[in-house]
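This report covers contacts between charges and rings, then aromatic pairs, then pockets.

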Amino acid sequence: MKKIATILLTIVTTMAYAQHDAKKDFKFAEDQTEVLLKATADAKSKATKPNLVAPRTVDAQGNLVLISSRDWVSGFFSGELWYLYDYTHNKKWLETAKDFTAKIEPEQNNGDSHDVGFKIYTSVGNAYRLTNDPHYKDVIVTAAKTLSTRFNPAVGCIKSWDGRKEWPFPVIIDNMMNLELMFAATRLSGDSSFYKIAVTHANTTLKNHFRPDYSSYHVVDYDPATGEVRHRQTHQGYADESAWARGQAWALYGFTMCYRETHDKKYLVQAEHIAQFILNSPTLPADKVPYWDFNAPGIPNEPRDASAAAIIASALYELSTYSANSKLYKATADKIVYSLTNNYTARPGESQGFILLHSTGHKPAKSEIDVPISYADYYYLEALTRQDRLAKGMRL
């Protein structure tokens, strides 16, 4: 009887997490975004720096932090606006999204940044998905050409940071996310060179970035002439051998996306292994919102990272559509979304209009600790969208 009662409790609990009110959640997101738009306009009017185009976070004094298009985070706010339009079909969000996206488009030619994919695909990629405007298609292909200039065939990867003397050719796990731009460019242009670069980068990362337990290093540095691994470390995590939470989230999302784009089963297997590491971690809290690093020494008295949780939830929704572990992945994503919605959102009208609180950007650098950050909101809205589509029996 006790076993039956436990099973019934589990079923009831899972059903409770699966129940969601997308209309209510998106209404809150709309209301907050209205606040953020006003705060952004006010901050721009007082700014002394030129070319500030998007909100990023809130500083220690509660002031809104705006960024230029060159910042790797710049495209996420435009992407949020596109997700609001996607759900509501309200032309107000369409026009606002177009306006903010236009300010990111110059990054299509910025070859100094490995984050062209983050900036262009979250903004322009969503714009093209929802409008089919050929202008956006051209921007995506141009951006992919720009990103291709950072690919080194000897290494088999797209280079990350420039100007780091200690790293001749650093590659960060975050770069898996930029591959979506490359896959899209092949579909839109018919040029398979983008696809080949993306697959080569993914294969090199699969080979060199992971430990035996399928946790990921943050940075792998290569010899640019030979492609040999020089060094592995975790720059934004607690220690080189620790599992930085957002890094694990990037890895999960990236390899799930690679399976979608290639149907190569090794990427699905890798994504499942990464998911297993995350979900079986003894330090993952009951609410499934991870600490900023799975090995942070002060757990449970360490900052959480809502951004990592949102990325993981969105990835798990997609992974659930491919994997035999579908029920587990979807149930876990539902639990994360439930936790974020009920315990990590801002009070209505507060926090300058951001949606989620309690993200951690770069704790070792004492930067953006326990704050709202735009990429957390972006992946939260993406997760909500995916949850809603799955509930309606729609394709992601």
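**Charges over rings**

Arg211 has its charged end over the ring of Tyr217, 4.0 Å from the centre. Lys266 lies over the face of Tyr267, 4.8 Å from the ring centre. A charge sits over a ring if NZ of Lys or CZ of Arg is within 6 Å of the ring centre and within 35 degrees of the ring normal.

**Basis**

The model is predicted: local features need pLDDT of at least 70 and side-chain atom pairs count only at pLDDT 80 or more, while totals for chains, interfaces and linings use all residues. Residues are numbered from 1 along each chain as its sequence is written, and side-chain values use heavy atoms, with hydrogens and water left out.

**Aromatic pairs**

The whole structure holds 23 aromatic pairs (ring centres of Phe, Tyr or the six-membered ring of Trp within 6.5 Å; planes under 30 degrees apart are stacked, over 60 edge-to-face, the rest tilted). The ring centres of Phe255 and Tyr267 are 6.0 Å apart with planes at 45°, so this pair is tilted.

One aromatic cluster includes Trp72, Phe118, Trp250 and Tyr375.

The largest pocket holds about 750 Å³ of space. Among its 31 lining residues, Arg129, Glu180, Arg260, Arg386 and Leu396 are the closest to its centre. A pocket is an open set of points on a 1 Å grid where a 1.4 Å probe fits, with protein on both sides within 12 Å along at least five of seven lines; lining residues have an atom within 4 Å of a point.

The second largest pocket has a volume of about 500 Å³. Its lining has 28 residues, with Trp72, His114, Asp115, Trp161 and Gln236 nearest the centre.

How values were computed: Grid points are joined across faces, edges and corners, and a volume is the space filled by probe spheres set on the points.
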